[in-house]
Amino acid sequence: MEFRQLQLFVAVAEELHFGRAAARVGMAQPPFSQQIRKLEAELGVELLTRTSRRVALTSAGSRFLEDARELLARRVEVMSTVRRAAQGETGPLRVGFSASSALGLLPRIVLRFRSRFPGVKLELDDREKLDVGVALSTGDLDLAIVRGPFLHDGVTVEQLLREPFVLALPARHPRARQKVVALASLASEPFILFPRHAAPGLHDTITSMCLGAGFSPLIHQEASSWPSVVGMVEAGLGITIAPMSAQALRPKGVVFRALSGASGWAELAVAFRGPQLMPAAANFRAIAHETVTLAREGAHSL
């Protein structure tokens, strides 16, 4: 039994006239009638009674008409679902991110993606101890937004943007009155940073900048998220060096100042198991790059 035969049967069942039904589907009547008889032979039942004056559905034909319509509708639905999946418009998408990568850019990417692909079940994973590289390699994540440098075998990394570092310090700190603070002048200050395993590349960049300025940062406290880090700064427990986008948090008791003598950059990248991406992940990556482009053109601030 073929879907084409179902279509022909529905046509004759609705028209109750072989000539009109054949014309409706664009066929000559003899081959049309042959297909209906072939269908009845395959099913082993009579679907239609035929006389020289009229055509009528048998009880089996009436029942089969309901099933045929349902099967044809389901076929259209399945074909649509398959096409949408092939275009990345449906299905699950698991995206990992670190706490610092959530600042500024990620919310904009997610909003834009969800508005364009509402049929995708987007799952965001920010587990503190998640090894993003391993999760990408094993397929537990489809894609991730990470702080660079990010290196892992079998993982492709595409840079989204680079942003300068800024100094975050309590509003009542003596250096808060300065517009620009020299990195070398922070040698004796207590630092608050995130654990290295949370974003090794970013952590190493910050500590390397400090070493380049002549000192090793005195890390007094660690916190797993930027809101927590900045909260500790606001409480007067120390200072921190953060990507410029951390200013989006706008805590009342914290000020951000430009740094001089800071040679590094905070990198944000999209990482995935390369080189091929499933369609939904490819759409997310494209929107991530698009969001950065719009920001650079001044449509949004990061």
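Select Thr205 to begin: this residue is buried, with a relative accessible area of 16% (buried means under 20% relative accessible area, exposed over 50%, partly exposed in between, using a 1.4 Å probe and protein chains only). Keep in mind that this is a predicted model, where local features need pLDDT of at least 70 and side-chain atom pairs count only at pLDDT 80 or more, while totals for chains, interfaces and linings use all residues. Residues are numbered from 1 along each chain as its sequence is written, and side-chain values use heavy atoms, with hydrogens and water left out.

Thr205 sits in helix 7, residues 200–212 (helices are DSSP runs of H or I with at least four residues, strands are E runs with at least two, and both are numbered from the N terminus). Which backbone oxygen does the side chain of Thr205 reach? That of Gly201, at 2.8 Å. Now show Pro149, Phe165, Gly264 and Trp265: Thr205 touches them, leaving aside residues up to four places away in sequence (contact means heavy atoms within 4.5 Å).

Next, colour the open sheet whose five strands come in the order 4-3-5-13-6, with mixed pairing (two strands pair if DSSP finds at least two bridges between them). Strand 4 (120–125) and strand 6 (155–163) are at the edges with a single partner strand each, so one side of each has no neighbour in the sheet. Strand 6 pairs with strand 13, residues 266–273, in the antiparallel sense over eight bridges. Pick out Leu161 and you'll find its bridge partner, Leu268, in strand 13.

Strand 7 (residues 165–170) and strand 12 (residues 254–260) run antiparallel and are joined by five bridges. Val166 stands opposite Ala258 in strand 12.

Last stop: helix 1 (residues 3–15) and helix 3 (residues 29–43), whose axes come within 10 Å and cross at roughly 110°. Where they meet, select Phe9 of helix 1 and Phe32 of helix 3, which are among the contact residues.

Terms used: A polar contact is a pair of N or O atoms within 3.5 Å; within protein, one must be able to donate a hydrogen and the other to accept it, and residues adjacent in sequence count only if both atoms are side-chain atoms. Axes are lines fitted to C-alpha atoms, for helices over the stretch in contact, and angles run from 0 to 180 degrees between N-to-C directions.
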